[in-house]
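Work through the two exercises below with the structure open beside you.

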Amino acid sequence: GSESASPLAAAVTWVLRDGAGMIGSLTFTYVAGSSFDAYLKEWRLFADLINDVGLTIDLLTPMVPEHLLLPVMSIATLCKAMCGVSAGATKSSITSHFAL
């Protein structure tokens, strides 16, 4: 990070980034929640793919210009939040399918 960055700026960045993930996960749940049971395998695949996208964006953030850092980090957090929602919503059905 920058030596001139203040702790307050770091805290605000953290709140904005995580807030984007929380609001995004609520919006994603509202939009896609009714189709999780009907398209179980598709949503599980989506969860794996969107997690890969989010982690890749996280890995590429050191190469992003400083003025774009917050939006890029927010997009990565949003991708991981969508993964958490879709993976969590499909886990119980998949687990019960493979139960003895």
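Predicted model: local features only at pLDDT ≥ 70, side-chain atom pairs only at ≥ 80, totals over all residues.

**Exercise 1.** Determine how helix α2 and helix α3 are oriented to each other, and describe the contact of α2 with α3.

*Solution.* Begin with the axes: those of α2, which covers residues 40–60, and α3, which covers residues 69–98, come within 8 Å and cross at roughly 155°. Angles over 145 degrees count as roughly antiparallel, and therefore α2 and α3 are roughly antiparallel to each other. The handedness comes next, and the crossing of these two helices is left-handed. On the α2 side the contact includes L40, W43, F46, I50 and L55, while on the α3 side V72, I75, C79, M82 and I94 are among the residues that take part. Sorted by class, this contact of α2 with α3 comprises 16 nonpolar, five polar and three charged residues.

**Exercise 2.** Carry out the analysis for helix α1 and α3, and find which residues meet.

*Solution.* The axes of α1, residues 7–32, and α3 come within 8 Å and cross at roughly 40°. As to handedness, α1 passes α3 in a right-handed crossing. Among the residues that meet are T13, L16, R17, G21, G24 and F28 in α1, and L70, M73, T77, A81 and V85 in α3. By class, the contact of α1 with α3 holds nine nonpolar, eight polar and two charged residues.

Note on methods: Residues numbered from 1 in each chain as written. Heavy atoms only, no water. Axes fitted to C-alpha atoms, helices over the stretch in contact; angles between N-to-C directions. Helix = DSSP H or I, 4+ residues; strand = E, 2+ residues; numbered from the N terminus. Parallel < 35°, antiparallel > 145°, perpendicular 65-115°, else oblique. Left-handed = near helix turned anticlockwise from the far one by under 90°. Contact = heavy atoms within 4.5 Å. Nonpolar A, V, L, I, M, F, W, Y, C, P; charged D, E, K, R; others polar.
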